[in-house]
Amino acid sequence: MKAAREDWFARQDTLDADRLVFIDETAAATNMARGYVWAPSGQRCRIAVPQGHYKTTTVTAALRGDGLCAVNLADGATNGSRFRAYVTDTLAPVLRHGDTVILDNLGAHKVAEVREAIEGRARNSSTSRPNSPDFNPIEQIFAKLKRLLLTRAARTLPDLCAAIRQALARFTAHECRNCLAAAGYADDVAIATNSGPA
């Protein structure tokens with residue numbers, strides 16, 4: 001594992017950030033709630049959170065330097081046939097000639113026809129990176145997505161799906177590019193600061 005990480009790190013500079021497409025999945029559920037809240041002094045904060053009956057959805061998305069694309073929501077977990085359908089029906093149509101698609105080592109990513117579907121649209125084949133979140137800039141997007149969903153606290157599946165789509169629409173191209181830069185893929189891009197006008 002250490003050797004794979006070192007090899008990937010050494011090759012990061014050779015990858016064209018404008019042609020990288022990172023694919024990953026994350027889960028969201030109707031029982032998501034913030035772990036802490038504020039209440040007026042002397043008052044107890046109460047919030048209803050489902051304990052036993054909740055629904056889970058999987059968010060699969062692609063991150064480019066110019067934004068998110070190929071977003072798909074599905075009930076339950078990702079398996080090989082679901083991922084193959086995602087690649088052929090959702091991802092492949094948005095790939096451009098010359099793209100390099102980067103996947104992790106999830107078993108569902110290795111099913112038959114996935115690589116062929118990607119290579120049919122992109123010049124470069126899919127690349128498996130070490131299963132390490134710090135090499136995958138879409139993890140930063142998903143972390144922020146979950147924080148937004150915790151605040152929204154959607155309790156039905158339709159509300160959760162709407163909240164996911166609204167949250168993902170908030171990510172600008174600039175923010176996505178900064179995620180690539182923070183993960184080491186676009187060193188030539190200046191990361192935005194919160195400093196005010198001079």
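**A loop residue and the packed helices**

Tutor: L95 lies in the loop that runs between helix 2 (80-91) and strand 4 (100-103), where helices (H or I, at least four residues) and strands (E, at least two) are DSSP runs, numbered from the N terminus. This is a predicted model, in which local features need pLDDT of at least 70 and side-chain atom pairs pLDDT 80 or more, while totals for chains, interfaces and linings use all residues. Residues are numbered from 1 along each chain as its sequence is written, and side-chain values use heavy atoms, leaving out hydrogens and water. Because its relative accessibility is 5%, L95 counts as buried (under 20% relative accessible area, with exposed over 50% and partly exposed in between, using a 1.4 Å probe and protein chains only). Its C-alpha lies 9.5 Å from that of G120, although 25 residues separate L95 and G120 in sequence.

Turning to the nonpolar cores (sets of buried Ala, Val, Leu, Ile, Met, Phe, Trp, Tyr and Cys residues joined through side-chain atoms within 4.5 Å), the largest has 30 residues, and among those with the most contacts inside it are F22, I141, L149 and I164. Strand 1 (20-29), strand 2 (56-64), helix 4, helix 5 (157-169) and helix 6 each give two or more residues to this core. A second, separate core of 16 residues includes I23, A70, L91 and L103. Leaving aside residues up to four places away in sequence, I164 touches A28, T57, V59, L73, L145 and L149, contact meaning heavy atoms within 4.5 Å. In the packing of helix 4 against helix 6, Q140, I141 and K144 of helix 4 meet E175, C176, C179 and A182 of helix 6.
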